[in-house]
Amino acid sequence: MALYAKAADILEKVEGKRGTVKTLVFESKFQNIKQLFALVCETQKYSSVLQELIESTKLLKQTKVKMTQAKVLVYDLLIGQGIKCGGPWKVMMTKHRARLEAALARMKIKQKVTKNRDLLPSSVQQAEGVLLPRYVRVNTLKTTVDDAVDYFKRDGFSYLGEANRLDDLDLKAKSFVRDLHLSDLLVFAPKTEFHEHFLYKAGHVILQDKASCLPAFLLNPPTNSHVIDACAAPGNKTSHLAAIMKNKGRLFAFDLDAKRLSTMSTLLLRAGVRCQQLAHQDFLKVDPADPQYKDVEYVLLDPSCSGSGMVCLGTDPSPPDPEREQRRLGNLAAFQLRCLNHALGFPRLQRLVYSTCSVHTEENEKVVAAGLQQNPAFRLVHLLPVWPERGLQPLSQCLRASTTKTLTHGFFVALLERHSDAVSTAPPSLEEAASSTPRQEVTSASPSEEAEGRPAVTAPPLASLSSEEEEEEEEEKMEVKTSPVEGQAKKKRKRNKKKKKKKKAAATPIVA
Ligand SMILES: C[S@@+](CC[C@H](N)C(=O)[O-])C[C@H]1O[C@@H](n2cnc3c(N)ncnc32)[C@H](O)[C@@H]1O
């Protein structure tokens, strides 16, 4: 009964344009969110069919239920899994069952179709046709990609190797590949079910859309770093960050929603995450000057958004009221910009990833552009040149994702990086360190290169060794073979050489 009451309540709000299914379901505090989400989505999809059945059978007159309650009940009775509750609603639906089934049969005959699905409006059938691959992120805190691949092979899946093109992700049932962009991601055929799979239940794999894996992958915090996940629950990106950090360092995760945080806590435990510090707290009230955040150099900001990029999945097929929609987007964008400005205020911050699962430029490029304008110490990093969909001009450094171009949900990601020493307490980024030194051949990976998935070189040789330096190295190697006096003379020569070298370096122009 609670499931149907909750689903009807959410459906009523969605139909009244008071939120999306996704947000309302998450906010509902219902125990089985997955079950509730599926019921609301399906009922909404069949909404016009259900309304016709309810009206033709005069169900509302003969019962005391509201239209939205009738819709969820009739959906589950005729199309879903059968009424799952006991009590008065079960008695009522059983009483009207035969009449409702007869009305459904008549409707099918009239429309000359045999399957329930064929009764759906064509717009819904088209949206239904969007079948995304099933993405499975290997949780490297618990296993390796190779071991996961072997496990799935033993489980009867056939492994086709690493994908080279997006077309390779168009897979048949029971086959899978390794993703072409993200090395810890496996890709299976759409609708491959893993919720009961051992590797999922044991936290060895995480079911996460590819686009949603981008933020942590691009932020790429090193081990032992201090990181903030500002709006973290239910924590898929948090566990991805922890995996990248190899559980070493500190991962501060905040969320306003206690229920979502408690789900997150369970999921992180299952994923073997140990470096996190969860806080039920408004991120906007977290004090950047608090000493415990003094070493935070990385922030992942994935704030609440309209969710307009999510497929299905809970978007009302009827056109939205444009004025109300605009107001809602305006409010969301204002919140997102406040979060961004707040995050950029952490004194030692070096890199920040901003992401949303929205397709609206108001929540994406416009927020980032405003954030950059208000925080001139930061600039955009050009992300993954091979990625097929870019941020809208002029922010082509950012990434977008969509069902058509990247075979994912709609998504947006930007990476901001500190580029000036405006804040004296902030250590220089690799790039700044490099550009303040005379150099010809910079072989270290710049933060931007790391962001593109190229490995960082830990001890960056900023310039090729000069012959003097080579000599010095040779001398150091021979030191033990010389007498103390000779050693002292040599040390003096070395000191002089070092002085000479310093003077020369100061006179050398910086090669950018
Ligand atoms: C898009 S979801 C985050 C999803 C999460 N990053 C993940 O990958 O699992 C946005 C989250 O922001 C939280 N939130 C909204 N306003 C917040 C605030 N002021 N401070 C902290 N969290 C907030 C919401 O409760 C929601 O859980």
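**Group meeting: a walk through one predicted chain**

I start with helix α14, residues 322-343: the helix has 22 residues and spans 31 Å from its first C-alpha to its last, close to the 32 Å expected at 1.5 Å a residue. That expected span is 1.5 Å times one less than the number of residues. Helices here are DSSP runs of H or I with at least four residues, strands are runs of E with at least two, and both are numbered from the N terminus.

Some background. This is a predicted model, in which local features need pLDDT of at least 70, side-chain atom pairs count only at pLDDT 80 or more, and totals for chains, interfaces and linings use all residues. Residues are numbered from 1 along each chain as its sequence is written, and side-chain values use heavy atoms, with hydrogens and water left out.

Back to the helix. Which residues of α14 are buried? They are L329, L332, A333, Q336, L337, C339, L340, H342 and A343. Buried means under 20% relative accessible area, exposed means over 50%, and partly exposed is in between, with a 1.4 Å probe and protein chains only. An α-helix has 3.6 residues a turn, so residues three or four places apart point the same way. The cover over the buried residues of α14 includes β9 (296-301), β10 (351-356) and α15 (365-374).

Next, strand β4, residues 185-188. L185 and V187 point one way, L186 and F188 point the other way, and all are buried. In a regular strand the side chains alternate between the two faces of the sheet. Strand β1 (residues 134-138) runs antiparallel to β4 and is joined to it by 4 bridges. Strand β3 (residues 175-178) is also antiparallel to β4, with 3 bridges. Two strands count as paired if DSSP finds at least two bridges between them. V187 of β4 is the bridge partner of Y135 and also of V177. The link from β3 to β4 is a hairpin of 6 residues.

K174 sits in the loop between β2 (158-162) and β3. Its phi is near 70°, a positive value in a residue other than glycine. K174 counts as partly exposed, because its relative accessibility is 42%.

L384 is another residue with positive phi, near 20°, and is not glycine either. L384 lies in the loop between β11 and β12. Is L384 buried or exposed? L384 is buried, with a relative accessible area of 4%.

That loop, between β11 (378-380) and β12 (399-401), also holds P394. The peptide bond from Q393 to P394 is cis, with omega near 5°. The bond from A233 to P234 is cis as well, with omega near 10°, and P234 lies in the loop between β6 (225-229) and α12 (236-244).

P234 brings us to the ligand. A backbone N or O atom of P234 lies 3.4 Å from an oxygen atom of the ligand. For R260, a polar side-chain atom is 2.6 Å from a ligand oxygen. In D282, a side-chain N or O atom is 2.8 Å from a nitrogen atom of the ligand. Taken alone the ligand exposes 600 Å², and the protein buries 89% of that. These accessible areas come from the Shrake-Rupley method with a 1.4 Å probe; for residues, only the protein chains shown count as cover.

Last, the whole chain. Its secondary structure comes to 19 helices and 13 strands. Of its 512 residues, 47% count as buried.

Conventions: Contact means heavy atoms within 4.5 Å. A polar contact is a pair of N or O atoms within 3.5 Å; within protein, one must be able to donate a hydrogen and the other to accept it, and residues adjacent in sequence count only if both atoms are side-chain atoms.
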